[in-house]
Amino acid sequence: MKVRLPLFLVLITGILGALPFIIPHSIAQNFDNEFRNTVIRIIGAFSLVLGVGSIIRHHTYKITHKREHWQYSYVLLISLLISAVIGLFGGIDANGWLPTRIGSFNFDIQTLFTYIEVPLGATMFAMLAFFMASAAYRAFRARTFEATLLLIAAFIMMLGSVPLSNYIFPKLPSFAEWILTVPNTAAKRGMGFGISLGTLATSLKIILGIERGWLGGTK
Amino acid sequence: MRKIPNYFIRLFTICFLLFTIHYVYGIEAPSKVLAGDAPNDAGRNIVIHWQLSPSDSIIEGYQILRKAENETEMTAVGFMGKGRNSFTDDGTIDGVKYTYQVVAVLDSLQAPSELSNIAVSSQQWFHTERINVLFFTFIFTFLIIFYINRAKKGANLFVRKIAGLLAVDEAVGRATEMGKPILYVPGLTGISDVATIAAMNILGEVAKKIATYDSQLIVPNTDPIVFTVAQEVVKEAYTQAGRPDAFKSDSVYFVTDSQFAYAAAVDGIMTREKPATNFFMGYFYAEALILAETGASTGAVQIAGTDSVMQLPFFITACDYTLMGEELYAASAYLSREPLLLGGLIGQDWGKVVIVAILVVLTIIGLLTNLPVLNLF
């Protein structure tokens, strides 16, 4: 029962999920929309409770067992508590039951999001530039034939993308464009075929109950 | 006396000509207005086509008027600019008869067409334009089931070696020897994404090996639903490996659903815990390189697998092994060596052979019919 019920549910929902692709009738489309928008959202809401429970359990364990850098867990738990209280009782734009404004100083959940989470996220994203530089250094070392090809292609692409290349060799920008649109696109499309077929095959195997890895095993 | 500028004379001439055309001869109406139910939809749509007015170049556009069978007057339902010869009325009621009229408009001048035929919108039960997809899906399904049946009968199925998956045993063994944990990152998409499902399948197999070697596993998650699934998968894998006691529920946990906060958290885990092996399996976005480069800097063996074509170059650069595209989906079958799954894999490859063959044949036909030199047909 523990295995058969999930497999049966997957079979039914898998077929019902695929049918709207070929049935444009409103019965099929409305059911599909309802299922995707409402049912999955409800499941998501329940699992979010489990997720938050997991964070609290994980960091409480770290604090109680004094694991390495356990002090930071206090920061996380206190931040979680404060933002949860503000978010739940303060409203999104300081329009809730809890006052989230002292004079001109706002600390409603929208302000916290805009002035704390967004800049922190942007900071992480900005670090990507440095990681790219170090990755490029490693990738462009001409140790093998393939790496040399990559280096040459990258050199042409970079040079072809700057206006100066037009003065050095007028055909370079169009050659760089050709590399991007022909060999690069061909490779991407080839992978796209494989990915699409792999998706189809995996979906089919899951719907038919052949692939049971997501249940924790194949038996 | 000052000379009148040339541009003024030209402007005057154009205005005069337009005036003559519009107000003396008027504008001409569009013709052949045909209305019909929009195909392959959920109803409430009627498509109207018309032949452009001979005055199309000078008019502002076309106003579309509609009259239902129980109405006495036409009502405007849309406006299309000049040069456009079709309009979809998406505000109809299924089963009601409608007639349409298309009016060419220029300022206050209007040239209405004849009334169209009667059209009724309805919804369809089958999308006729997707027959080709359905047809190929049937062929593909047949191939997969055929090879699965062959596998069931014990046929010897060859699957080429995938370096990244061959290295899994070695990577888990290395972590055990070093006494360090293994980090498994299951991508950033939800459970409805097939890449995440593939990541869960691989997680099950990897967790079995980890349980057998008695090593430590860390699975930080960005999606609460994926977190619950991952926890169950790991728990079940430990049970199947005969080590349910070794499973620690704390090893699989939810971090955050914020993309870069998650990247920061995983980077933190990598620098603090120094895992001996990092697995990046699933769908990734811009954080792919941030994760992979940080992992590389800690000296961990890194095995990545993604179907995100944009992020593949980053993983190839920063990781020791990378499963590209469909290899991610094949990994579960490869690791488990389950005959049924391997049969599915072979069927999948034959599906690709069919597609490649069709592409080659169509390319040759395309070349033969379109190249002027080889215009044989």
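How many salt bridges are counted between chain B and chain A? The count is 1 salt bridge (a side-chain nitrogen of Lys or Arg within 4 Å of a carboxyl oxygen of Asp or Glu). B:Glu293 pairs with A:Arg138 in a salt bridge, and their closest N and O atoms are 2.1 Å apart.

The model is predicted: local features need pLDDT of at least 70, side-chain atom pairs count only at pLDDT 80 or more, and totals for chains, interfaces and linings use all residues. Residues are numbered from 1 along each chain as its sequence is written, chains are lettered from A and ligands numbered from 1 in the order in which they are written, and side-chain values use heavy atoms, with hydrogens and water left out.

Polar contacts were also counted between chain B and chain A, giving 13 residue pairs, both residues at pLDDT 80 or more. A polar contact is a pair of N or O atoms within 3.5 Å; within protein, one must be able to donate a hydrogen and the other to accept it, and residues adjacent in sequence count only if both atoms are side-chain atoms. On the side of chain B that touches chain A, helix α5 (residues 224-240) gives the most, with 10 residues. Helices are DSSP runs of H or I with at least four residues, numbered from the N terminus. The contact (heavy atoms within 4.5 Å) takes 73 residues from chain B and 61 residues from chain A. About 5700 Å² is buried between the two chains, 70% of it on carbon and sulfur atoms. This area is the accessible area (1.4 Å probe) lost on putting the two parts together, summed over both.

Over all chains, the structure holds 18 aromatic pairs. Rings of Phe, Tyr and Trp (its six-membered ring) pair if their centres lie within 6.5 Å; planes under 30 degrees apart count as stacked, over 60 as edge-to-face and the rest as tilted. A:Phe31 and A:Phe35 are stacked because their ring centres lie 6.2 Å apart and their planes meet at 20 degrees. The two residues are 4 apart in helix α2 (residues 26-64) of chain A, so about one helical turn separates them. B:Phe146 and B:Tyr147 are edge-to-face, at 5.1 Å centre to centre and 90 degrees between the planes. B:Phe142, B:Phe146, B:Tyr147 and B:Trp350 form one aromatic cluster.

Two charges sit over rings (NZ of Lys or CZ of Arg within 6 Å of the ring centre and within 35 degrees of the ring normal). The charged end of B:Arg130 sits over the ring of A:Phe21, 4.1 Å from its centre. That of A:Lys66 sits over the ring of A:Trp70, 4.5 Å from its centre.
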